[in-house]
Amino acid sequence: MQRRYVTVDVFTNRAFGGNQLAVVLDADGLSTQQMQAIATEFNYSETTFVLPPRDKANDAEVRIFTPVLEIAFAGHPNVGTAFVLASMMKEPKPRLLFEEKAGLVPVDIVREQGRVIRTELTAPQPLARYAPLSPAEAASCISLDGDDIKTDNHAPHVVTVGNAFLVMELHSREALKRARPDAAAYGKLLPRDGARSVWFYTRDVPAAEAPCDRQARMFMRGASGINEDPATGSATVAAAALFADLDPVSDGELKLTVGQGFDMGRPSILQTRVVKQDGKIVSAHVGGASVQMMEGTFRLAGQG
């Protein structure tokens, strides 16, 4: 059986930027083991597999695999998969609903002159925050000192809205650029509270990197050790929910633009939106542009 796939760069409006994603469109009939092997073969940070929905009221079941494991939810795979499916539709829809292990994920579609220009997901779970870590131990896994960690706004700790990350703030853009994964310290600290990855950011953003309100990086465990991700929507939307939760005053729609991947040569722009009412988070969103890169078919050996 020939199976179609499309690759896209997500959270960017230009080719060879953002975060790479492979979308396998004809995944029905593939086993979990085969999906994992295909994701390892693509070797992108994530590969998605599109299956018929279990509930016909929804648009698809989407399973998400890194090169080493299946995950319940992720950001750029939803944004990119929705872009691919919405671009192929003969009858445009304003929203797609994906069934995932973390729950039902709505993705809104923004079009201009009939063309999909942006997609935005809604996080499937409410914000959860876990016990704080000391600045020194958090900093050690990215080869920095405790003095590089800023704790005025929040201590380093794990947060999630569907996928867990260790989140920490750095004092400076220079420290962000200087960070490197320390495999021994990383392995000692993570996994923790469900988090296998660390997302760290700074508010110290130079004018040249506008319109970003934050600059961020993310390290994760991959097939060949600890890798860097150029754009991490699930971490960014969890952090945006954290920022909104820490804000004691603001209600309404809180927006942030986050840059990631700049130090990798794959600049990414992630736009977040958190809705608060009466001091409580109602919903958290992250979205951006995507660019289609390649498309093709494959047939698994031994399957005719």
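The structure is a predicted model, in which local features need pLDDT of at least 70 and side-chain atom pairs count only at pLDDT 80 or more, while totals for chains, interfaces and linings use all residues. Residues are numbered from 1 along each chain as its sequence is written, and side-chain values use heavy atoms, with hydrogens and water left out.

**Nonpolar cores**

- A nonpolar core is a set of buried Ala, Val, Leu, Ile, Met, Phe, Trp, Tyr and Cys residues joined through side-chain atoms within 4.5 Å. Buried means under 20% relative accessible area, exposed means over 50%, and partly exposed lies in between (1.4 Å probe, protein chains only).
- The largest nonpolar core holds 55 residues, and Phe98 and Trp199 touch the most other members. Helix H6 (residues 233-246) supplies the largest share of this core, with nine residues.
- A second, separate core has 23 residues, including Ile149, Val158, Val198 and Phe219.
- In soluble globular proteins, nonpolar side chains tend to be buried together.
- Beyond its neighbours within four places in sequence, Trp199 is in contact (heavy atoms within 4.5 Å) with residues that include Leu166, Met168, Ala216, Met218, Ala235, Ala239 and Val258.

- Helices (H or I, at least four residues) and strands (E, at least two) are DSSP runs, numbered from the N terminus.
- Five of the five residues of S13 are buried, so this strand is largely enclosed by the rest of the structure.
- Val198, Phe200 and Thr202 point to one side of S13, whereas Trp199 and Tyr201 point the other way. In a regular strand the side chains alternate between the two faces of the sheet.
- Two strands pair if DSSP finds at least two bridges between them. S12 and S13 run parallel and are joined by five bridges, and Leu166 has Val198 as its bridge partner in S13.
- S13 also pairs with S14, in the antiparallel sense and over five bridges. Here the bridge partner of Val198 is Phe219.

**Helix H2**

- Helix H2 (residues 75-88) has 14 residues and reaches 20 Å from its first C-alpha to its last, close to the 20 Å expected at 1.5 Å a residue. The expected span is 1.5 Å times one less than the number of residues.
- Twelve of the 14 residues of H2 are buried, leaving the helix mostly covered. Among them are His76, Asn78, Phe83 and Leu85.

**Salt bridges**

- A salt bridge is a side-chain nitrogen of Lys or Arg within 4 Å of a carboxyl oxygen of Asp or Glu. The count by this rule is 18.
- Arg203 and Glu169 form one of these, at 2.8 Å from N to O. Arg203 lies in the loop between strands S13 and S14 and Glu169 in strand S12, so the pair ties together parts that are 34 residues apart in sequence.
- Arg203 is partly exposed at 32% relative accessibility, whereas Glu169 is buried at 1%.
- Glu253 and Arg273 meet in a salt bridge of 2.9 Å, N to O. Because Glu253 lies in strand S16 and Arg273 in strand S17, the pair ties together parts that are 20 residues apart in sequence.
- Salt bridges that share partners join Arg118, Glu120, Glu253, Lys255 and Arg273 into one network.

**Cysteines**

- A disulfide is a pair of cysteine sulfur atoms within 2.5 Å, and by this rule the count is zero.
- Cys141 is buried at 0% relative accessibility, and Cys212 is buried at 8%.
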